[in-house]
Amino acid sequence: MPTRIILDTDPGADDALAILLMLASPEIQLEALTTVQGNVNLEKTTRNALALLEFLNASHIPVAKGCSTPLIKPPHGEQGEEVHGKTGLGQAILPEPRSKVVEPHAVDYLIERFLTEPGELTLFAIGPLTNVALAIRKEPKFAQAVKELVIMGGAVRSGGNITPLAEFNIHEDPHAAHVVFNSGIPITLIPLDVTYKCLLTAKDVERLNGIDSPIAKFVRDVTADYMEFYLKYEGFDGCALHDPLTVAAVIAPELFSIEKHYVNVDISGGVSTGKTYADFMKVSKKPANMKVALGVKGREFVDLFVERLESFCRSRL
Amino acid sequence: MPKHIIIDTDPGIDDSLAILLALASPELVIDGIVSVHGNVSTEQTTKNALSILELAKASHVPVYKGCDLPLVKESLISPETHGDSGLGYAQLPEPVTQPKAGHGSDYIIEQIMSRPGEITLVALGPLTNIAIALRKEPRIVKNVKEVFVMGGAIQHTGNTTALAEFNTFVDPHAAHIVFHSGMPMILTPLDVTYQCIFMKDDLDRLLKIDSPITKYISDSTRFYMEFHDEYQGIEGCVINDPMTMALTFMPEICDYQDLVVDVDISTGVGLGNTFADFYNYGKKPKNMKVAMGVRPRMFMELFLKRMENLCSKIR
């Protein structure tokens, strides 16, 4: 039985790669996307979600449109376009989608899907957690209905990538993260501590492009600007597979070393706002609220990623 | 033309009096009531809203249930102020009517979007429902007529912490969203409500009329007066919410200042403090009208006369 997943996402270059990897993995049945502002604005993330599904012949998967701003903070604006390109998908050019979003707001769509089949569906959240937080607050039964929630976000021991201390998704809506972390949903957190160990290099992209496939070409185009950004700002060759790494929680959990901790996020408005921290020494005496991936066999994951995409490209020739 | 209002409320003793004042006022039509956590749980505030409407023979007014937790903070309710039921010593029968299906925040969105420029929101509790409505449907900002908010303490001391008023302290994050939303807003802070004390003499005047409503007002406010005496050394009780309701149709009760108002969400000692940037150091546009001066007797006469009218009709 494949794991049935609803994905809350802000595509986004690495979001697009996560969607690709999900569709390329027989262990996963991707049932819906809900969009949120994040890497780029909501209009663009929603357009990208629809366009990407059409490009991959998967437009039977419904897309629901979510929140255009974080709960409390103003959105970060157009900064994200430097990382993910003007459209959010780097240099990739996908045709305007013909399909439309489904009627309900993403928050209500999530509530409806999870309450219809309580305990059956797994939620993946790879953008700011605004939609998920609102679903929790609007419907008190939502948290209990989610089988598991896998989040890309946070930097537990590692440094931040948007402030010295904070990771982007969590920093973009720290209040939403606070709600979600303390909701009681069983969470697996995939923080920067592990995602920065999974670097897709230009060589990997070229290997994939050994297959003459529009999907392989898309991967090259979507990662081009992304790689340039990493080279310019973070000084390494390749790009971190932040969002795709969440998929390993289903298809290759053995790659992770996982610890259970009480994890929370700073919403105090000071220098560490958006900082995700674990109570390693149990000083707060609070019970663990999530599993956190703190180690990963990075190269093995990248190889798996490339292999899955190779098979996917071949199957679509 | 009467004003069409939606009341977002957590009854609550003074909330219930505000609902009664609205029902007693021909200047207003209550289109609906949305319940929220606050004085007591949402389960209870919903029930109380229904009971009050039944008491006043107004159960045609629909009630929608809203959020039962603050947006980000942990829950805080106040049975010591309002009693375990939320209505002091009053014991109203279990309501026969039920809340309508659908979430309170969706009702707010639907009403405002289907009748642009016509709906006045009157927010008497923590602002959770309205904050969620704003995040789900940002266009309500341009389509709501105006929003009256009971909350905050600008130059006045707090009533829940040294600095913070109850409604904004319970959900400061929601208040932050609402204050910065761009909706036309009129704030009724403790600065004016604490000038208007409902006294034992006022109650005795109402009790000359034999009505289930006067009995209700007596039973509920007796508890409220004991609280004010015990905790704040005040004789009588402060009826914040009816005062906010009165301003929707009799603005001349108060004097207003256009101010830049914000709420502290930094989780320090000032959490929930509502403060005005009187000198506009932040150089931000003014975001609300704040009632800063009041004619207390003018308000109290209005309240008592309207209650007398209502009580005479409902025996």
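**Talking through the A–B contact and some local geometry**

Trainee: Let's start with charges: how many salt bridges are there between chain B and chain A?

Mentor: Keep in mind that this is a predicted model. One pairing across the contact joins Lys136(B) and Asp108(A), with the closest N and O atoms 2.3 Å apart. That falls inside the 4 Å cut-off for a salt bridge. The count between chain B and chain A is two.

Trainee: Which residues of chain B lose the most area to chain A?

Mentor: The area buried between the two chains is about 1,600 Å², with 61% of that from carbon and sulfur atoms. Three residues together make up 39% of what the chain B side buries: Val72(B), Arg135(B) and Lys136(B).

Trainee: Moving inside chain A, are α12(A) and α13(A) roughly parallel or roughly perpendicular?

Mentor: Helix α12 (residues 242–251) and helix α13 (residues 298–315) of chain A have axes that come within 11 Å and cross at roughly 90°. Angles of 65 to 115 degrees fall in one class, so α12(A) and α13(A) are roughly perpendicular.

Trainee: Which residues of α13(A) make that contact?

Mentor: From α12(A) come Pro244(A), Leu245(A), Ala248(A) and Ile251(A). By class, the contact has seven nonpolar, no polar and one charged residues. The α13(A) partners are Phe301(A), Leu304(A), Phe305(A) and Arg308(A).

Trainee: What is omega for the cis peptide bond that joins Pro11(A) and Gly12(A)?

Mentor: Gly12(A) sits in the loop between β1 (3–9) and α1 (13–23) of chain A. Over in chain B, Pro11(B) and Gly12(B) are also joined by a cis peptide bond, with omega about 5°. For Pro11(A) and Gly12(A), omega is about -10°.

Trainee: Where is Asn280(B), with its positive phi?

Mentor: Most residues other than glycine have a negative phi. Asn280(B) isn't a glycine, yet its phi is about 50°. Its place is the loop between β12 (274–276) and β13 (288–294) of chain B.

Trainee: Last one: how many residues apart are Glu96(A) and Arg47(A)?

Mentor: These two form a salt bridge, the closest N and O atoms being 2.9 Å apart. Glu96(A) is in the loop between α3 (80–84) and α4 (106–116) of chain A, and Arg47(A) is in helix α2 (residues 42–55). The pair links distant parts of the chain, and the separation is 49 residues.

Key: Residues are numbered from 1 along each chain as its sequence is written. Chains are lettered from A and ligands numbered from 1 in the order in which they are written. This is a predicted model: local features need pLDDT of at least 70, side-chain atom pairs count only at pLDDT 80 or more; totals for chains, interfaces and linings use all residues. Side-chain values use heavy atoms; hydrogens and water are left out. Buried area is the accessible area (1.4 Å probe) that two parts lose on being put together, summed over both. A salt bridge is a side-chain nitrogen of Lys or Arg within 4 Å of a carboxyl oxygen of Asp or Glu. Axes are lines fitted to C-alpha atoms, for helices over the stretch in contact, and angles run from 0 to 180 degrees between N-to-C directions. Helices (H or I, at least four residues) and strands (E, at least two) are DSSP runs, numbered from the N terminus. Angles under 35 degrees count as roughly parallel, over 145 as roughly antiparallel, 65 to 115 as roughly perpendicular and the rest as oblique. Contact means heavy atoms within 4.5 Å. Ala, Val, Leu, Ile, Met, Phe, Trp, Tyr, Cys and Pro count as nonpolar, Asp, Glu, Lys and Arg as charged, and the others, Gly among them, as polar.
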